[in-house]
Amino acid sequence: MANDPARRGPSLKARAVAYLSRREHSRLELQRKLSAYSDDPAEIEAVLDDLQRTRWQSDQRYAQAYAHRAAGRQGAQRILGALRQQGVAEEQLADLQDTLRETEQERALAVWQRKFSAPPPDAREYTRQYRFLAGRGFSGDVIRRVLAGRGRPDDQSA
C-alpha cells in the first residue's frame, strides 16, 4: 500500500517541500498530510526533523503567516486557538499574542464597520452585533468599547 517499494510518485520529502512551496504549514499539518503516503511514523518524523533542521519548515513562520492572513477578519482568541489546534507551541505564540492584543481594538472596529453601518439602537441589535464580533474571536472588553462608540477615529472621548 503506502509503503509499497514499487510505489510511484514523489518521495515524502519532495511532497513536503511541494506543500511548503505553496504556503507555510505547521509540523502537525505536514505530518497529517504526509501520513497518507507512508504507514511508518518514524519515516515521517525523520523527514519533518530534516525540514526543520534545514529551516524549510518553521512553526514560528507558520504562526506569523497564519496570523497575518487572519488578522483582518478574526480576533486574537480565535487566531491563537486555531494555531494551538495546528500544534504550535505556547512559547512560540507569546510574542504573537502580545502583537495581536495590541491591535485587537482597531481590527475589531474595522470588522464591525464592514458589517454594520451604525451603532446598535437597542438591546436586541447590541446583542446581535456583540455575538457577531465574539464569534470572530474578539475579547468582550474590546467588543464593548467598539459598540459603545469609543475607539472610533471620529470619537475624541476615548
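# Close-up views of an all-helix predicted model

Figure 1. A search of the whole structure finds 4 aromatic pairs, and one of them is the tilted pair of Tyr62 and Tyr66, whose rings are 6.2 Å apart from centre to centre with 35° between their planes.

Figure 2. The whole chain, as a guide to the other views. The protein chain has 8 helices and 0 strands, so that its elements, read from the N terminus on, run α-α-α-α-α-α-α-α. Of its 158 residues, 37% count as buried. The tyrosine pair in helix α4. Tyr62 and Tyr66 both belong to helix α4, which spans residues 59–70, and they are 4 residues apart, about one turn of the helix. In an α-helix there are 3.6 residues a turn, so residues three or four places apart point the same way. Are the two tyrosines buried or exposed? Tyr62 is buried, and Tyr66 is buried as well.

**Figure 3. Charged ends over tyrosine rings.** In another, the charged end of Lys33 sits over the ring of Tyr19, at 4.8 Å from the ring centre.

**Figure 4. The buried side of helix α2.** Helix α2 runs over residues 27–34, and within it Arg27, Glu29, Leu30 and Leu34 are buried. These residues cover an arc of only 160° around the axis, which puts them on the same side of α2. Against which helices do the buried residues of α2 pack? They pack against α1, made of residues 12–22, and also against α3 and α4.

**Figure 5. Asp50 and its two partners around helix α3.** Asp50 has its place in helix α3, and with a relative accessible area of 17%, under the 20% limit, Asp50 counts as buried. Its side chain makes a polar contact with the side chain of Lys13, at 2.7 Å, and the side chain of Arg53 makes a polar contact with the side chain of Asp50, at 2.5 Å. Arg53 is also found in helix α3, which covers residues 41–53, but at 63% relative accessibility Arg53 counts as exposed.

Figure 6. Arg55 lies in the loop between α3 and α4, where at 56% relative accessibility it counts as exposed. Most residues other than glycine have a negative phi. Arg55, although it is not a glycine, has a positive phi of about 65°.

**Figure 7. Helix α5 and the glycine that follows.** In helix α5, the buried residues include Ala76, Ile79, Leu80 and Leu83. They cover an arc of only 95° around the axis, which puts them on the same side of α5. The cover over the buried residues of α5 includes α4 and α6. Helix α5 is followed by Gly87, which has a positive phi, near 85°.

**Figure 8. The largest nonpolar core, and another apart from it.** In soluble globular proteins, nonpolar side chains tend to be buried together. The largest nonpolar core of this model has 13 residues, and those with the most contacts inside it are Ile79, Leu83, Leu93 and Leu96. The elements that give two or more residues to this core are α4, α5 (residues 76–85) and α6 (residues 90–115), and the largest share, 5 residues, comes from α4.

**Figure 9. The surroundings of Leu93.** Which residues does Leu93 touch, not counting residues up to four places away in sequence? Leu93 touches Ala63, Leu80, Leu83, Arg84 and Val88. Of these, Leu83 is, like Leu93 itself, one of the residues with the most contacts inside the largest nonpolar core, and both Leu80 and Leu83 are among the buried residues of α5.

Technical notes:
Residues are numbered from 1 along each chain as its sequence is written. This is a predicted model: local features need pLDDT of at least 70, side-chain atom pairs count only at pLDDT 80 or more; totals for chains, interfaces and linings use all residues. Side-chain values use heavy atoms; hydrogens and water are left out. Rings of Phe, Tyr and Trp (its six-membered ring) pair if their centres lie within 6.5 Å; planes under 30 degrees apart count as stacked, over 60 as edge-to-face and the rest as tilted. Buried means under 20% relative accessible area, exposed over 50%, partly exposed in between (1.4 Å probe, protein chains only). A charge sits over a ring if NZ of Lys or CZ of Arg is within 6 Å of the ring centre and within 35 degrees of the ring normal. A polar contact is a pair of N or O atoms within 3.5 Å; within protein, one must be able to donate a hydrogen and the other to accept it, and residues adjacent in sequence count only if both atoms are side-chain atoms. The arc is that of the directions from the helix axis to the C-beta atoms. Contact means heavy atoms within 4.5 Å. A nonpolar core is a set of buried Ala, Val, Leu, Ile, Met, Phe, Trp, Tyr and Cys residues joined through side-chain atoms within 4.5 Å.
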